[in-house]
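Visitor: I would like to go through the labels attached to this model one at a time, and to hear for each of them what value stands behind it.

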Amino acid sequence: MQKSYDELFFQIDERHSALFNALLFDMGIEAIEEKDGGFYVRSSDDLQDIAWALQIFKDRLENFTDKKINFSFTLSKKENKDWIQEYKNSVQPIEIDRVYIHSSWHKQKENFLNIQINPALAFGSGHHESTNSCVKFIQKYAKSGYEVLDVGCGSGILSILLAKLSCIVDACDVDDLAIKSTKENLLLNSVKLNEIWCGSLQKSDKQYDLIIANLTADIIKSIKNELNERLKQRSYLILSGILNRYEDDIKQDFSHLKLVDSLRLGDWSSLVYQKENLC
C-alpha cells in the first residue's frame, strides 16, 4: 500500500451535482463520497487532471447556459488508510418509524421491516432528509396491491420498501449506475420489481396508484406534466428532494392537485399530493 494518496474535494451548485458526478464516473472514477457540503474523490493516482477537467467542464457549461455556476475545489495529499473499513465505520443503521435500514455488515433488528443496503458512495443509504421523508410517507400512504412508480430510484431503498409492503413496483433512473445499484440491493433483500429501466418515466405509459419522485426541484418541475398524466384518479404523488427555498415554486406548479401532507427536515421539503379531478 502506498504511503499517501490524492484527495480531491469539490463543491458545486446542487442542481449540477449529478451531472458532474456522472462526468467523473465516465472518466473512470469508481467512488465518490458526499460529505461536508461537497464531494470527495480519492485515488492513488494524481488527480490534477481530473480537477482540471471539472474546471473546463464548468467553464463550458457556463458559456452554454450563460449562467454563473458556483464551483470550487481543493487538492491535497493524505496519509493512506484503509478507506473501505473507514467508510464502513461511518455508515450507521437508521430507524425511520418501523423501518430499519442497515448495511450488510450490520445485523437485522427484530420487530422492524428490515432493508439491507450496500450503499454505493454516489447514492447514499437512507440518511438524507429527502429519503427519510419518503420512507415516512410511504409507510403512511402505500397499500398492498398498489401499482407504484419510483422515479429516480438511486440505490433502490424506496423501491425495496414498496416491494416489502406488497406493492407492484416499477422503477427508473437516468443513471445506469443507479439501476445497477438497485438491482444489487434487490437481490440482497430477496425482492423483485415488476419493471425497472434506465431512462425517464416517459418510457412507461401506465397509470399508477402512487408515484414517488425523490429528485430535485428543477427536475420535478421539468416532468410535472408526465407525472400528472401517469396518476390515476384518487392516487398519490410524493415529491421530495426539494430545497426549502423552492417549496413555494413546486406548490405553484402542482396547484392543480390537492396537497394532503408535507414535511420539512433540515433544509429539505417533501410534499404529498392527491389527484382528485380530471386535469
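What follows is a conversation in which each label is set against its definition.

Visitor: What kind of model is this, and which cut-offs apply to it?

Guide: This is a predicted model, in which local features need pLDDT of at least 70 and side-chain atom pairs count only at pLDDT 80 or more, while totals for chains, interfaces and linings use all residues. Residues are numbered from 1 along each chain as its sequence is written, and side-chain values use heavy atoms, with hydrogens and water left out.

Visitor: Why is the pair of F10 and F39 called stacked?

Guide: Rings of Phe, Tyr and Trp (for Trp the six-membered ring) pair if their centres lie within 6.5 Å, and planes under 30 degrees apart count as stacked, over 60 as edge-to-face and the rest as tilted. By this rule the count comes to 10 aromatic pairs. The ring centres of F10 and F39 are 5.4 Å apart and their planes stand at 25°, so the pair is stacked.

Visitor: What makes that pair a link between separate parts of the sequence?

Guide: Helices (H or I, at least four residues) and strands (E, at least two) are DSSP runs, numbered from the N terminus. F10 lies in strand β1 (residues 4-12) and F39 in strand β3 (residues 38-43), so the pair ties together parts that are 29 residues apart in sequence.

Visitor: How do you know whether F10 and F39 are buried or exposed?

Guide: Buried means under 20% relative accessible area, exposed over 50%, and partly exposed in between, with a 1.4 Å probe and protein chains only. F10 has 0% relative accessibility and therefore counts as buried, and F39, at 8%, counts as buried as well.

Visitor: Which label does the pair of F20 and F71 receive, and why?

Guide: The centres of these two rings, F20 and F71, lie 5.7 Å apart and their planes are at 35°, so the pair is tilted. Because F20 lies in helix α1 (residues 17-26) and F71 in strand β4 (residues 71-79), the pair ties together parts that are 51 residues apart in sequence. F20 counts as buried at 0% relative accessibility, and F71 is buried too, with a relative accessible area of 15%. F10, F20, F39, F57, F71 and F73 form one aromatic cluster.

Visitor: What relation do helices α4 and α5 have, and why is it given that name?

Guide: Helix α4 (residues 129-141) and α5 pack at an angle of about 15°, with their axes 10 Å apart; axes are lines fitted to C-alpha atoms, for helices over the stretch in contact, and angles run from 0 to 180 degrees between N-to-C directions. Angles under 35 degrees count as roughly parallel, over 145 as roughly antiparallel, 65 to 115 as roughly perpendicular and the rest as oblique, so α4 is roughly parallel to α5. Within helix α5 (residues 157-164) is I157, which is buried, with a relative accessible area of 4%. The C-alpha atoms of I157 and V135 are 8.5 Å apart, although 22 residues separate them along the chain.

Visitor: Why do β5 and β7 count as edges of their sheet?

Guide: Two strands pair if DSSP finds at least two bridges between them. The open sheet has 3 strands in the order β5-β6-β7, with mixed pairing. β5 (94-96) and β7 (113-116) each have a single partner strand, so one side of each is left without a neighbour in the sheet. Strand β6 (residues 99-102) and β7 run parallel and are joined by 4 bridges, and I101 stands opposite I115 in β7.

Visitor: What makes R234 partly exposed?

Guide: R234 has 49% relative accessibility, and therefore counts as partly exposed. R234 is found in strand β12 (residues 231-243) and has a positive phi of about 70° although it is not a glycine.
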